[in-house]
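Reader: I am new to this structure. Could you show me how to read its features, one at a time?
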Amino acid sequence: MLRVDELTLAYGVVPVLERASLSVDTAQFVSLVGPSGSGKSTLLRAVMGLQAASGGRIECSYAPGEIGILFQDDALLPWRRAEENVALGLRLKGVARREAEAVARSWLDRLGLNGLGRRYPRELSGGQRKRVALAQVLARAPQLLLMDEPFAALDAIVRARVSQDLVRLVEAQGISVLLVTHDLEEALALSDSVYLLSQGPRARITAHYPVPLPRPRDVMQARTHPGFAPLLERLWNDLSREVGEIAA
Amino acid sequence: MNHAWVRQLAGLAVFLAVWEGAARHGMLNPLYIPAPLAIASALLTLFAEGTIWPHLEATFAAALGGLAAGLVVGTVLGVAAALLPLVAELLEPVMVLLNAVPRVVLAPLFVIWLGIGLASKVALAFILVAVVIFFTVFTGIRQVDRRLVERITTLGGGRLALLREVYLPSVTAWILGNLKVAVGFAFTGAVVGEFVAATRGLGYLLSFAQSTFNAALMLAIVTVIMVVVLLIFALAGWLEHRLLRWRG
């Protein structure tokens with residue numbers, strides 16, 4: 001379980017984010033959406049321990065080794081082959097080299113990268129690199145996955161495929177997820193719950209939307225569910241109002 | 001298919017033929033500009049009589065000794081300065097100063113300190129290489145990709161893992177990328193050192209040719225130096241290609 005309580009984050013005197021509260025329960029997929037500059041990534045960095053908070057609390061029942069993090073950039077080591085990158089995540093967790101390599105290969109296979117393990121990151125496409133980064137994180141068997149716009153750089157088809165891979169694995173393993181995204185459709189299609197941040201500075205969480213779509217979920221089919229369009233419209237209107245109020 | 005090298009070779013052949021023709025027709029004073037065949041003859045004599053070998057050996061020993069010492073010391077100081085602010089504070093002004101002056105002016109000083117033997121040549125090659133490598137490593141580490149550092153940190157890696165997985169491979173890449181420059185500097189140091197005061201070496205041989213007004217010998221030695229450095233460049237290029245295969 002992850003609980004963010006009245007969290008305030010600042011880069012200078014003026015807070016980027018003010019008194020934000022949200023929670024991610026076990027095996028729950030939660031998204032955080034909001035306009036640019038609302039502090040979405042900053043909040044995630046604080047949860048990751050990369051950003052100090054100036055107020056509030058972050059309660060996390062998971063040990064650091066149980067938390068997986070996926071950035072917008074795949075951030076693979078360019079001098080390590082795909083399977084070495086995946087194995088590295090395990091080796092830093094204390095897994096022996098041979099075992100780490102075997103687990104890495106099996107994860108690459110599970111994510112459709114069979115036969116590509118010996119390639120360097122530059123020899124892979126954007127989607128393949130993203131899958132390697134995903135394998136690196138999932139191979140460590142995380143209980144909580146923190147993701148900062150992980151699919152932003154991918155084209156629509158690849159994005160849908162990688163998202164589906166992720167949802168399947170997260171559902172199968174009961175992983176809790178906190179996803180930061182600016183894509184409202186993606187947030188609704190993947191999540192059980194969506195939080196909306198207002199425009200920064202001094203951004204706040206202004207609304208919380210439970211997503212009543214069934215699981216296991218097909219991320220493309222989810223968009224045709226009767227509950228999807230009205231929720232998307234509501235979310236869109238609320239976000240537009242937030243941005244509009246600032247512009248006005 | 002690219003035949004650039006054929007065109008380059010043909011261009012060189014035409015240039016040499018025109019030069020030889022001009023020399024034979026008395027259009028060039030052989031005291032200043034000897035004919036290519038005269039230079040080739042001086043070159044052949046050097047090798048046929050075996051007089052070149054001790055000089056080549058001396059220059060190689062000085063250049064490679066200075067190169068090895070410069071690479072090691074430059075790297076160690078660069079890493080220390082990048083990681084320890086106090087070392088940077090003390091070292092950076094000295095290195096900036098050494099970089100600002102043409103370091104070959106130190107050659108006479110090294111002769112006074114270390115004599116006219118091998119040591120003064122190694123010292124000059126060393127100082128030329130060490131300063132270049134210091135700045136390569138120092139600025140390289142400070143500009144290391146922060147995303148990779150964060151990736152290792154969020155995977156649970158400590159300082160040792162960062163050094164092994166991020167800093168060392170980055171430093172290796174920067175050094176190999178500058179190896180050709182370092183090789184050039186090492187030979188410059190060795191030859192200039194020998195030119196100032198020596199009893200052996202290609203620089204000494206150049207000085208001898210100058211004192212006897214033997215332009216053919218001088219150009220023959222310049223040719224030897226060019227060929228030797230080009231061969232070492234090729235070796236450095238091969239090493240770079242082999243060790244940095246991940247870069248493509």
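Author: Start with a single residue. A:Trp107 is found in helix α3 (residues 97-110) of chain A. Helices (H or I, at least four residues) and strands (E, at least two) are DSSP runs, numbered from the N terminus. The model is predicted: local features need pLDDT of at least 70, side-chain atom pairs count only at pLDDT 80 or more, and totals for chains, interfaces and linings use all residues. Residues are numbered from 1 along each chain as its sequence is written, and chains are lettered from A and ligands numbered from 1 in the order in which they are written.

Reader: Is A:Trp107 buried or exposed?

Author: Count the atoms around it. A residue is buried if 20 or more other C-beta atoms, placed from the backbone, lie within 10 Å of its own, exposed if 12 or fewer, and partly exposed in between. A:Trp107 has 26 other C-beta atoms within 10 Å, so A:Trp107 is buried.

Reader: Which residues is A:Trp107 in contact with, leaving aside its neighbours within four places in sequence?

Author: Contact means that the C-beta atoms of two residues, placed from the backbone, lie within 7 Å. For A:Trp107 the list is A:Val86, A:Ala135, A:Leu138 and A:Ala139.

Reader: What does the domain assignment of chain A give?

Author: Domain bounds come from an automatic or database domain assignment. Here chain A has domain 1 (1-62 + 143-158 + 171-248) and domain 2 (74-142). Nine residues from domain 1 of chain A and five residues from domain 2 of chain A make up the contact. On the domain 1 side, eight are nonpolar, one is polar and none is charged. Ala, Val, Leu, Ile, Met, Phe, Trp, Tyr, Cys and Pro count as nonpolar, Asp, Glu, Lys and Arg as charged, and the others, Gly among them, as polar. The C-alpha centres of the two domains lie 27 Å apart.

Reader: Which residues touch the most other members of the largest nonpolar core?

Author: General idea first. In soluble globular proteins, nonpolar side chains tend to be buried together. A nonpolar core is a set of buried Ala, Val, Leu, Ile, Met, Phe, Trp, Tyr and Cys residues joined through C-beta atoms within 7 Å. The largest one has 132 residues, and A:Leu178, B:Ala125, B:Val129 and B:Ala186 touch the most other members. Helix α6(B) gives the most to this core, with 15 residues. Domains 1 and 2 of chain A both give residues to this core, so it lies between them. Beyond four places in sequence, A:Leu178 is in contact with residues including A:Leu2, A:Val30 and A:Leu146.

Reader: Which strands pair with β8(A)?

Author: Two strands pair if DSSP finds at least two bridges between them. Strand β3 (residues 29-33) of chain A pairs with β8(A) in the parallel sense over four bridges. There, A:Val30 has A:Ser193 as its bridge partner. Strand β9 (residues 205-210) of chain A pairs with β8(A) in the antiparallel sense over five bridges. A:Ile205 in β9(A) stands opposite A:Leu197. Strand β8 (residues 193-197) has four of its five residues buried, so it is largely enclosed by the rest of the structure.

Reader: Which residues of helix α5 of chain B are buried?

Author: In α5 (residues 107-114) of chain B they are B:Ala107, B:Phe110 and B:Val111. They fall within an arc of 105° (taken from the directions from the helix axis to the C-beta atoms), so they line one face of the helix. These buried residues pack against α6 (118-142) and α9 (179-196) of chain B. The face turned away carries the exposed residues B:Ile112 and B:Trp113.
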